[in-house]
Amino acid sequence: MSSARMSLRALVLVAMAVAVAVPAGAASAEPSASELTTKINKSSAELEKVVEAYNKLNEETKATKAQAGKVATRLAPLQQQLDDAQADVGDIAVAAYQTGRLGTAGALLGDSGGLLDRMSALDALARERQTQIDAFEDTREQLTADQQRLATARAQQDAQAKELQARKKKIEADLDKLYDLRKQAYGSATSSGSSYSGKIPSVSGQAGVAVRYAYNAIGTPYVWAAEGPNGYDCSGLTLAAWRAAGKSLPHNAAMQWDKVAHISRSQLAAGDLVFYSGLGHVALYVGGNQVIHAPTAGESVKLASVDMMTPYGYGRVR
């Protein structure tokens with residue numbers, strides 16, 4: 001037997017031995033429950049960053065639209081005031097001309113005092129109107145500049161709107177992967193949350209309204225970019241709770257951090273906000289070292305320890 005044929009026969013025998021020794025499917029073993037949980041937590045953290053970035057861009061777009069609307073609202077009546085003032089100046093000029101012509105005969109007959117008084121009054125009125133016109137024009141120039149700046153911002157945001165759509169598609173794709181992981185680990189893509197049936201702590205004032213709202217939201221599913229009442233993401237929940245109390249917060253954790261008064265851990269009181277993950281997550285403190293938050297896709301609003309993650313900082317709504 002040639003050496004080549006002997007080598008080939010040896011390789012076949014080794015392959016058969018390996019096939020017998022290694023159980024079928026061992027090479028592509030399913031990940032363990034702990035490995036799946038690690039993947040789920042990592043995917044959830046990455047997804048939340050994308051969702052919060054989406055929320056931030058939405059907030060910025062809304063703010064620019066609101067500013068543009070205010071400028072447009074001010075420009076229309078301002079232009080009318082400017083037109084009216086300019087028309088008044090024209091009428092005054094005509095009146096001055098006519099007064100001068102008609103007053104010539106009177107002046108020749110010795111009524112020059114009355115003519116001068118009328119001319120002086122018209123001149124003063126013309127100067128007053130011109131001062132108004134100058135002020136109107138200065139304001140209009142400023143508003144026009146604001147309008148142009150906002151138009152530029154809107155153009156940029158129109159481009160960002162396409163990015164929003166791309167992000168939205170990415171979020172949906174990431175959600176599909178996350179739900180698949182949850183099915184593998186827990187047998188279901190979502191966990192069924194139940195509403196809170198215990199006693200809600202008694203907290204006074206606006207903070208009490210926010211706390212009660214959050215307790216009543218327990219069990220509501222996480223829905224990205226949602227602010228209730230049928231679903232919430234993290235900043236959407238804190239926004240909705242404080243909106244019920246008459247306070248306005250932006251729909252983004254980092255932007256909420258910029259708006260609240262920063263306090264220490266020792267100052268925490270029910271209704272305060274607790275921030276996590278480098279301002280990528282936010283929860284509502286309800287007292288007793290507990291928070292209520294909207295965790296992540298596949299889960300529901302729930303009560304948790306304030307130390308469920310390392311807090312980034314604490315804020316009081318003002």
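Modeller: In what follows, two residues are in contact when heavy atoms of theirs lie within 4.5 Å. With residues up to four places away in sequence set aside, Glu 48 touches Cys 234, Gly 280, His 281 and Pro 295. Glu 48 belongs to helix α2.

The model is a predicted one. Its protein chain contains 6 helices and 6 strands, and from the N terminus on the order of elements is α-α-α-α-α-α-β-β-β-β-β-β. Of its 318 residues, 35% count as buried. Among contacts with a separation of 6 or more, 66% are between residues 24 or more positions apart.

Helix α4 comprises 13 residues and spans 19 Å from its first C-alpha to its last, close to the 18 Å expected at 1.5 Å a residue. Just after α4, Gly 219 adopts a positive phi of about 95°. The buried residues of the helix are Ala 207, Gly 208, Ala 210, Val 211, Ala 214, Tyr 215 and Ala 217. An α-helix has 3.6 residues a turn, so residues three or four places apart point the same way. The buried residues of α4 pack against α5, β3, β4 (290-293) and β5 (302-305).

The whole structure holds 5 aromatic pairs. One of these is formed by Tyr 196 and Tyr 215, which are tilted, with 4.8 Å from centre to centre and 55° between the planes. The pair joins distant parts of the chain: Tyr 215 lies in helix α4, whereas Tyr 196 lies in the loop between α3 (112-186) and α4 (205-217), 19 residues apart. Tyr 196 is partly exposed, at a relative accessible area of 31%. Tyr 215, by contrast, counts as buried because its relative accessibility is 4%, which is under the 20% limit. A further pair, Tyr 213 and Tyr 232, has ring centres 6.3 Å apart and planes at 85°, so this pair is edge-to-face. Here too distant parts of the chain are linked, with Tyr 213 in helix α4 and Tyr 232 in the loop between α4 and α5 (234-244), 19 residues apart. Tyr 213 is partly exposed, with a relative accessible area of 24%, while Tyr 232 counts as buried at 2% relative accessibility.

The nonpolar surroundings come next. In soluble globular proteins, nonpolar side chains tend to be buried together. The largest nonpolar core has 45 residues, of which Ile 171, Trp 242, Leu 273, Leu 284, Ile 292 and Val 301 touch the most other members. Helix α4 is one of the elements that give two or more residues to this core, the others being α2 (33-108), α3, α5, α6 (253-259), β2 (273-276) and β3 (281-287). The largest share, 7 residues, comes from α2. Ile 292 shows how the surroundings meet: leaving aside neighbours within four places in sequence, it is in contact with Ala 214, Tyr 215, Ile 218, Leu 237, Ala 283, Leu 284, Val 286, Val 301, Lys 302 and Leu 303. A second, separate core of 10 residues includes Ala 283, Val 291, Ala 304 and Tyr 314.

Charged contacts complete the picture. The structure has 8 salt bridges. Among them is the one between Arg 243 and Glu 227, whose side chains meet at 2.9 Å, N to O. This bridge also links distant parts of the chain, from Arg 243 in helix α5 to Glu 227 in the loop between α4 and α5, 16 residues apart. Both partners are partly exposed, Arg 243 with a relative accessible area of 42% and Glu 227 with one of 25%. Elsewhere, salt bridges that share partners connect Arg 182, Glu 299 and Lys 302 into one network. Lys 302 is also one of the residues in contact with Ile 292.

Note on methods
Residues numbered from 1 in each chain as written. Predicted model: local features only at pLDDT ≥ 70, side-chain atom pairs only at ≥ 80, totals over all residues. Heavy atoms only, no water. Phe/Tyr/Trp six-rings, centres within 6.5 Å; stacked < 30°, edge-to-face > 60°. Helix = DSSP H or I, 4+ residues; strand = E, 2+ residues; numbered from the N terminus. Buried < 20%, exposed > 50% of the residue type's maximum accessible area, 1.4 Å probe, protein only. Core = buried A, V, L, I, M, F, W, Y, C linked by side-chain atoms within 4.5 Å. Expected span 1.5 Å × (residues − 1). Salt bridge = Lys/Arg side-chain N within 4 Å of Asp/Glu carboxyl O.
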